[in-house]
Amino acid sequence: MKSMLSAISNALCRVTGRKVLLIDLSEYVSLVSLAATDATKTQWQPPKPPPPPDVSSRPPDTDLVNPQIQTETYPQLETPAGTVVASRSYADFTPRVTFDIKKCDLHGLEVGPPLKAELTRAQGLEYYRTMQTVRRMELKADQLYKQKIIRGFCHLYDGQEACAAGIEAAINLSDHLITAYRAHGYTFTRGVSVKEIMAELTGRKGGVAKGKGGSMHMYAPHFYGGNGIVGAQVPLGAGVALACRYQGNDQICVSLYGDGAANQGQIFETFNMAALWKLPCIFVCENNKYGMGTSVERASASTDYYKRGDFIPGIRVDGMDVLCVREATKFAADHCRSGKGPILMELQTYRYHGHSMSDPGVSYRTREEIQEVRSRSDPIFMLKERMLSNNMASVDEFKEMDTAIRQEVEEAAQFAMSDLEPPLEDLCNHIFANNPPLDVRGTNQWSTLKSIS
């Protein structure tokens with residue numbers, strides 16, 4: 001090795017005219033011959049150097065990214081900057097935000113619902129979809145009624161969607177709910193499809209009550225329907241709550257009524273019994289400012305409906321804010337489940353339509369009043385703006401959701417108009433009947449009741 005290095009050094013010296021020092025590193029580096037390990041391997045060759053760049057074809061420094069090429073590659077993008085991220089990922093959105101909410105007025109309580117509410121992105125989208133579906137469904141019902149496809153009584157719920165969505169977000173599907181005749185929204189939140197609701201409104205076999213109930217009489221598991229008699233659902237709801245307490249199943253009942261029913265005597269009788277028996281019942285007054293065509297100020301000496309229970313604690317809630325309703329209902333549900341008895345909740349809300357479809361809704365209030373509420377405190381718009389301003393969703397996302405909801409409602413309306421009406425032979429089905437004559441004032445303990453279905 002040393003003699004070879006000496007020969008190479010002398011040769012380089014003759015060529016370059018300089019003395020070259022070569023150091024033998026064999027003592028420090030262990031060399032393994034490739035030929036010794038695999039003689040069949042070809043001798044390693046150094047890689048060829050890359051060809052020199054063609055300067056004449058190089059774009060100028062200011063045009064390193066060609067917008068025309070990028071637009072052709074990604075036709076949906078208008079600027080080169082958009083090629084970095086072609087679409088937003090779910091990771092780009094804020095997953096949860098805590099909002100300040102309006103303080104509730106309290107009666108008979110030292111502590112009320114919280115003043116802050118946490119909203120996740122998934123919850124916000126769910127609440128928006130629920131409220132927007134109810135809104136579109138009611139607007140379609142308005143259209144079909146004016147076309148005389150829906151007949152009879154029809155009371156629409158648009159404007160009050162935050163009440164239904166907020167209450168359902170705070171209770172369980174195993175809990176019970178009963179309401180008055182403005183019941184389409186709660187029928188949907190209780191799990192009935194838009195298709196079944198629309199078919200019931202048009203009196204078709206595919207309706208939730210097989211076309212026999214109509215607007216005011218729809219039912220679902222743990223949902224005891226809309227009820228046509230003013231205020232009558234309140235004592236029925238107390239009876240459901242009594243069954244919950246009797247069975248000890250940790251369930252509660254939400255019994256809803258309107259401000260127009262708040263002066264009914266049976267409601268105060270129910271309050272008395274519910275307080276005596278400590279029933280797990282949330283009495284909810286949906287105060288939409290007008291009972292039929294009469295404002296609350298003209299109908300009630302006291303419009304503090306949350307205080308009407310007297311010995312029952314009460315809270316007054318902003319019923320146009322789905323988060324306020326949700327937090328207040330959670331508070332009320334915990335109160336009932338803890339064995340403290342009933343609680344009264346007044347939801348201050350507003351209906352955009354008249355009392356029913358036979359009421360134009362502008363003879364006792366102005367169009368400007370309705371428009372002011374729409375522009376200032378619409379429940380769907382407020383939730384949407386909250387999410388957009390806090391980067392919890394995108395405008396395109398809401399547009400896609402709106403399109404899907406419109407399509408769902410339109411398909412349900414087509415089914416509701418094309419489905420068959422129940423046949424005449426089904427008229428007396430699902431009615432209890434007994435053949436022997438009733439002996440004592442409508443009761444006979446030995447008679448057998450039958451259900452034909």
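Predicted model: local features only at pLDDT ≥ 70, side-chain atom pairs only at ≥ 80, totals over all residues.

Me: What makes the lining of the second largest pocket divide by class as it does?

Reply: That lining has 6 nonpolar, 6 polar and 8 charged residues. Asp, Glu, Lys and Arg count as charged, Ala, Val, Leu, Ile, Met, Phe, Trp, Tyr, Cys and Pro as nonpolar, and the others, Gly among them, as polar. Residues are numbered from 1 along each chain as its sequence is written, and side-chain values use heavy atoms, with hydrogens and water left out.

Me: Which element gives the largest share of the lining of the second largest pocket?

Reply: H12, with 4 residues. Helix H12 spans 367-377, and a helix here is a DSSP run of H or I with at least four residues (a strand is E, at least two), numbered from the N terminus.

Me: Why is the largest one called a pocket?

Reply: Because on a 1 Å grid over the protein atoms alone, a pocket is an open set of points with protein on both sides within 12 Å along at least five of seven lines, and lining residues have an atom within 4 Å of a point. The largest pocket has a volume of about 420 Å³, and Tyr181, Gly258, Gly260, Ala261 and His355 are the closest of its 27 lining residues to the centre. Its lining has 11 nonpolar, 13 polar and 3 charged residues.

Key:
1 Å grid on protein atoms, 1.4 Å probe; cavity = no way out; pocket = protein on both sides within 12 Å on 5 of 7 lines; lining within 4 Å. Points joined across faces, edges and corners; volume = space filled by probe spheres on them.
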